[in-house]
Amino acid sequence: LAVGRINKDPSLDLGHRLDYVVLQEECETSRALVRFIDFRKLSSAFIGPLNPGFCEVATHLGENWNKAIFSWMCINYKLDSTIHHPAFARTLPSPTQVLFTIMKYFNWAHVGIIASNEDIWMDTANKLASALRNRGLPVGIVTTMRKGEKAIEDTWNEIKEVDGIRIILLCMHSVLIGGEEQATLLTKALEMGLADGRYVFVPYDTLLYSLPYQNNSFSVFDKDRKLQEAYDAVLTITLESGERTFYDAFREAKESGEITRDLEATQVSPLFGTIYDAIYFMAVAMDSARRKGVRISGAKIAEHTKNFSFPGFSHRVETDNCGKGLSSYVILDTDGRGNQLFPTHLLDMPSDSVKSLGRAIHFPRAAPPKPDSSCWFDPDVLCTGG
């Protein structure tokens, strides 16, 4: 869909007709990297990789091959140095920056991270921990969720043993788009009395797409009362879509005949929109480089991602004069009873500020986790004694 629209877009002058090939990435990190090396002759630029575990190596290879890499999944903080990694560009704001800004707003510094037992999520958890620690935050535990009820109980017991954790990041598929592991994990937390408001659970993957919440109910809560209760301790952070939701944009593309697959919008992951935007992002960068008379190369395309604005799949995509994404995010909350999510706060990326939308967060027992000292968020102050 993205490539079809790019090739017909009169506002883009790419000098070439764009085509794509879907490169199947192996699930195991080591095999995925070996496979990536095989892709060298297959494309001129890469949208990906999906696994943060080999982002740095892939970026070095891309630089060596003179091919740009555009990724929404790479959270390796070292890649933010354009001097060291000129051929790499983020197609979304850094998830670490989003989390840091929200944690600073609520003064929740102590973090625990749970990943599902797959390489892509374990590597995401480790890179996320590394990026948060690089900003001075205390990540008390990074653990993996294993299969079976006893193993999940052990995971929560590990978390309980770590003092002071306020926020628990869940690196796995969100229950709102079919993530069964997250449902099991949250239900077990409720059964063990850990969804009582002492922690705030934050799904990581909803940061990577625009979850349609306006006028939308989540049937997963209708079928499972325990999950509905456990989700009261969850805050969902997602890209704000603006006027149209992902579902609206998908239905429009279907009605216009551009999407011919017989799928309802609700059967498609909103990650579809993120991938679409990433491909368009690359095309706009190519157009920007050509307009400035630059010979197209990997580093040159990645360099021309500054100060642009284009209509993405369901919301406008913009970058600042450093090439950083300016999309807004919303914090969504449930009321502990129904099957809907309501926006409570807006995160404005240009100003790195969080604004209340006038609706209070519904915490279990009506109280948020205790705040940490603000010294954790001050780069010039050393925190001592907690």
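Colleague: Which residue of strand 13 is the bridge partner of His-345?

Modeller: Ground rules: this is a predicted model, where local features need pLDDT of at least 70, side-chain atom pairs count only at pLDDT 80 or more, and totals for chains, interfaces and linings use all residues. Residues are numbered from 1 along each chain as its sequence is written, and side-chain values use heavy atoms, leaving out hydrogens and water. Strand 12 (residues 342–348) and strand 13 (residues 353–356) pair in the antiparallel sense over four bridges, where pairing takes at least two DSSP bridges between strands, and elements are DSSP runs numbered from the N terminus (helices H or I, at least four residues; strands E, at least two). Within strand 13, the partner of His-345 is Ser-356.

Colleague: And which residue in the turn of that hairpin has a positive phi?

Modeller: Strands 12 and 13 form a hairpin with four residues between them. The phi in question is about 50°, and the turn residue that has it is Asp-352.

Colleague: Which strands stand at the edges of the open four-stranded sheet?

Modeller: The order is 5-4-6-7, with parallel pairing.

Colleague: What is the bridge partner of Ile-167 in strand 7?

Modeller: Strand 6 (residues 167–171) pairs with strand 7 in the parallel sense, over four bridges. Ile-167 is bridged there to Val-200.

Colleague: What angle does the direction of helix 6 make with that of strand 5?

Modeller: Helix 6 (residues 149–160) packs on the sheet, touching strands 4, 5, 6 and 7, with contact meaning heavy atoms within 4.5 Å. Axes are lines fitted to C-alpha atoms, for helices over the stretch in contact, and angles between N-to-C directions run from 0 to 180 degrees. For helix 6 against strand 5, that gives about 175°.

Colleague: How far apart are the axes of helix 6 and helix 7?

Modeller: Glu-149, Ile-152, Glu-153 and Trp-156 of helix 6 meet Thr-184, Leu-185, Lys-188 and Ala-189 of helix 7. Helix 7 (residues 180–191) packs against helix 6 at about 65°, so the pair is roughly perpendicular (65 to 115 degrees). Their axes are apart by 10 Å.

Colleague: Is Thr-187 buried or exposed?

Modeller: Thr-187 sits in helix 7 and, leaving aside neighbours within four places in sequence, contacts Lys-226, Leu-227 and Ala-230. The cut-offs for relative accessible area are under 20% for buried and over 50% for exposed, with partly exposed in between (1.4 Å probe, protein chains only). At 13%, Thr-187 is therefore buried.

Key
Parallel < 35°, antiparallel > 145°, perpendicular 65-115°, else oblique.
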